[in-house]
Amino acid sequence: MSTAAEVADHVRAGTRRRLDRRGFRTSRVVTGMLIVWLVAMFASPAASSASVPAAVPVSASFDPTPSAAHFASLDADPPGPVGPDYTVVPRDSLWGIAEKTLGDPLRWRQIFDLNAGRVQSDGGRLDDRSLLHVGWILRLPPEAATPVLGGQQVRVQSGDTLSGLATTYLHDANQYPKLYQANAGRPQADGRSLQDPDLIRPGWVFALPSDADATGHATDPGVHDQPAPPSPVRPVPPPVVTTPAPSSRSPATAAVPAAPSSSSPTHAPTTPTTPTAANPARPPAPAPANSTDAAILPVAITISGVVAAAFVSGLALLRRRQLRFRRTGRHIALPDHAHYPIETTAVASARTDDTRILDLALRSVAALCDPLDDYPDLAAAWLAGDQVDLVLACPYPPRSPFTVGDDESRWHISAEAELPVHDDEPAAMANPFPAVAAFGTGDDGSATLLLDLEHHGAIHVVGDRHRAQDLLRNVAVELALSRWADATQILLVGLEPQLAELPPGRIGHVPDVATAVARLRAAAAETREHLDRLSTDSILDARVHDQYSETWIVTVLIVADPAADDEALLADLCRELSTAGRTSTAILTGGASFTLPGLLVHVRPDGSTHIPDVTDTQLQAVQIAAELALGLVSVIGTTFEPDVPVPTATDPSPWAIEMTIDGALSRDHASVPDHEDDRPDADLEPPDAPPVVLPEPRRDGDFTATADQRAAGPAANPGPERTLLRAELNDPDLDADLDRWRSAEPPSRPLIAILGEPEMRAPGVRPNRRVPWLLEVALYLALHPQGVDRDKISTDLWPEGRNIQPPTIRRAIAEVRAWAGQDISTDPPTDFVPPISSSGTDRYRMFGQLCDWDLFRRLRKRAQARHAAGHHTEAITDYQAALSLVRGPVLRPIRERGYAWLRNPDQHHDSIVPAFIIDAAHELVDLALERDDLPLARSAAETARLVDPDLTFDRPFTDLMRVAHAEGNLAEMREHADLLLAERDFEVGEDLPPESFAVFNALFPHGLRTPAS
């Protein structure tokens, strides 16, 4: 009866507006265009950059099922030898399988190539967009190691303990010695091994004993080996009929979806279809006994462009804070070997410019509209490249610079438009639509559909349960990190509690639906009560003009796999939210086995999605797997870890002996006192900064008569003299190399510059096309002095996950080889970038190059050795020569969407090299102030500021303050102090890191208002 009533209401409500992106309808004419695009995508690596049509629905007469011959060709044994088979277990990924069986996670593509398209026992096949399912059998390369202990392994996650893993997999915490005995001493990916049962590290892979339950589910040992009973088939619910909206809600959200038609080409059936001769059904094999829903992981790391942009932007801000609190001579914590591909992929996938335009466009609506006329009601948005379409619930006259076509319900803006809200002031204008989240992209990935959750009130993802979970998780992560969602809070039920660790704390995990619903109702009631006290009945107006109140924050409840017991509770809530207009609340569910009122998002097992009440466009659901989402949490978590000692340099050249990666002498050979902060527990609490010794301020501008005498110091120590002798013997060509770098003559070897805008001068022929791309390849080789194999170079330089063919790599290397030229000092001349053998055992590398960062480190090392040995004048000369190599911010500007490999653990040059340059400049400032050479001290401090245009570091400010104090320029000293506090949004120096506060305390012992004299 209720369903019939709702259908009748739907008929009266009218038809919903279709939110088609501009240009999509024109591409729905020729089915063959889609086929051509698919062929081109898989045939050419460059196809992804070509212009492709938007989604084209397949006609009803088209049968996309491959022929039997095609299946036979896929199932046939591949040419050449193959290795052992591998059975997929929970938490597996191709990356992890390659690491376990081949010893190198970068070889995952070899496993993919051996198995792509092979039909598995459940009828599934491995492709770029498929998932790994527990029980699939994968072929491995011939050299692969047979997985130990039946392949039952587990990857350590953040927060795991041996006793916890024993509880999960052995069902008894006291059984942890079994885990320890099975894994003690086994080499891990980071080069370490298990030595202490109380110390395990995220990313390690542990073998499980033979009696372990690989599913992680508690079982009765007596029946553990018995076949599992068949799982009941969850009935697929019929299409949900939404409750009609009252007049306050626009027709764009009031209509009811029509039931999917069996003949409709745009609706895939959600129930099994009867096999036909043209489309034979492959009966799925019974699921393995240890199969679990949570055991499905992505084949490769894929992150939606919107989530990637939010993640990269948020990570950049946290890295700035991390670098700011880094102590001198220390190294920030970075993601481990297991997690760095996540950051690399995010950098490559991020649509930062697109999301920036969307954020400014949403905020500009508030700036342009007169609150007396109310605000337009946003229903959805299309994000397509450098343009945004805001789809309104009902027509509203546009405000310049927004434009419209024939329909005033679609506002268009492009990146070139001058918006009233700018990049440097987004937070100054509230976003009236903070709960906007992506749900799908066009098949070519160029356009993303975002829905305003608050406007729709209740949205339900139906269809494939796993895909629904991944979509919900994607929405949660996106709202947690996106800058336009700063006025949202998310309540999670049924997803991973660890997501609540994502900064800046917008996500809260709730244990059950009843508690979450109560909190959501309380938020809605508070909003209504607050509106009653105001002179407006518009939540949008209140959100814009009452930014200090938390009442207008949109609370979004996300429920994954709700239980049947919660049906009544959720149905009542969804009915209210889907008809009440904006309430500062919204609910999003996925995987429910019952019908709920609200907007339906249909998602299929292949990830395709359709929102029939919103758009006719076929989309690909945005999604993020649990392991990948937790990986994002882990990467962000490293920004809150304390800094660590700078590691020893691993460069193969002799000049790197007794040196750390920042160019400093190794602690055993440096003239600095040993610190206790290298103890394992020393990083728990950073020590107080040492007191700052300041020179007396100068009043007359003259050097003191005893400056050189003071700089001479005590008599030479034979220990430092021997260290200096070794440094000079290990680097006899330093001065000659410096002369080569400074020479204006054509270079005889490649000269690689990264201390500023990247450059390469070389004896070869400079290419006349694709120079930015080839420059990136050249720098990549130069910054990997020990070389890289085929798997690493393809993963690093093509991080999008595409299967790069060997000719593509060979062509790029050949063009760089021609540019780098030959060493004519050998007979015969040899290539600086030699070819590798066809056996594949060689590594791509560049020989004989001279890099400015290497020169900088060599000079700093010798400067420190000279200073320790008492040769202060020569030390200053080396420091000056090193700093003269700095031309500007490190590796800026670089090719857009390139250099994702800089996020690798052994790279990060663009973020950590500036810190090391600032450390070296600080050492020269100290030397110069000791000698009363104030121009030299100022020059060094200004160079430090040159490499830090984003004002990330405190040291350039505090060093300039010290120089101004020594000059007697107290006004400039206060100016730098005020600028530093303003940039950090601090009011007092006590809020600064300990080293910075030590300088403040020495210069302003009575506070900033009373400068020291």
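Here are some worked exercises on the structure above.

This is a predicted model, in which local features need pLDDT of at least 70 and side-chain atom pairs count only at pLDDT 80 or more, while totals for chains, interfaces and linings use all residues. Residues are numbered from 1 along each chain as its sequence is written, and side-chain values use heavy atoms, with hydrogens and water left out.

**Exercise 1. The overall count**

Find how many helices and strands the protein chain has, and what share of its residues is buried.

Solution. Start with the secondary structure: there are 29 helices and 26 strands. Helices (H or I, at least four residues) and strands (E, at least two) are DSSP runs, numbered from the N terminus. Next, burial: 52% of the 1013 residues count as buried. Buried means under 20% relative accessible area, exposed over 50%, and partly exposed in between (1.4 Å probe, protein chains only). Last, contacts, meaning heavy atoms within 4.5 Å: among those between residues at least 6 apart in sequence, 72% join residues at least 24 apart.

**Exercise 2. The buried face of α6**

Work out which residues of α6 are buried and what covers them.

Solution. Helix α6 spans residues 162-169, and its buried residues are Leu162, Leu165, Ala166 and Tyr169. Look down the axis: these buried residues fall within an arc of 105 degrees, so they line one face of the helix. The arc is taken from the directions from the helix axis to the C-beta atoms. The spacing makes sense, because an α-helix has 3.6 residues a turn and residues three or four places apart point the same way. The cover over that buried set includes β4 (153-155), α7 (176-183) and β5 (205-207).

**Exercise 3. A helix pair**

Describe how α8 and α9 pack, and sort the residues of their contact by type.

Solution. First the geometry: α8 (residues 305-324) and α9 (residues 340-349) pack at an angle of about 115 degrees, with axes 8 Å apart. Axes here are lines fitted to C-alpha atoms, for helices over the stretch in contact, and angles run from 0 to 180 degrees between N-to-C directions. Then who touches whom: α8 brings Gly305, Ala308, Phe311, Val312, Leu315 and Arg319, and α9 brings Glu343, Ala346, Val347 and Ser349. Sorting them gives six nonpolar, two polar and two charged. For that sort, Ala, Val, Leu, Ile, Met, Phe, Trp, Tyr, Cys and Pro count as nonpolar, Asp, Glu, Lys and Arg as charged, and the others, Gly among them, as polar.

**Exercise 4. Strands β10 and β14**

For each strand, find how many residues are buried and which strands it pairs with.

Solution. Take β10 (residues 410-414): four of its five residues are buried, so it is largely enclosed by the rest of the structure. Strand β9 (residues 387-392) pairs with β10 in the antiparallel sense over five bridges; strands pair if DSSP finds at least two bridges between them. Within that pairing, Arg410 is the bridge partner of Val391.

Now β14 (residues 488-493): five of its six residues are buried, so this strand too is largely enclosed by the rest of the structure. Six bridges link β14 to β16 (residues 554-560) in the parallel sense, with Leu491 opposite Leu557. Three bridges link β14 to β15 (residues 507-509), also parallel, and there Leu492 has His509 as its bridge partner.

**Exercise 5. A buried arginine**

Decide whether Arg857 is buried or exposed, and list its contacts.

Solution. Arg857 sits in α23 (residues 852-868). Its relative accessible area is 4%, so Arg857 is buried. Setting aside neighbours within four places in sequence, Arg857 contacts Asp651, Trp655, Met659, Ile661, Asp662 and Gly663.
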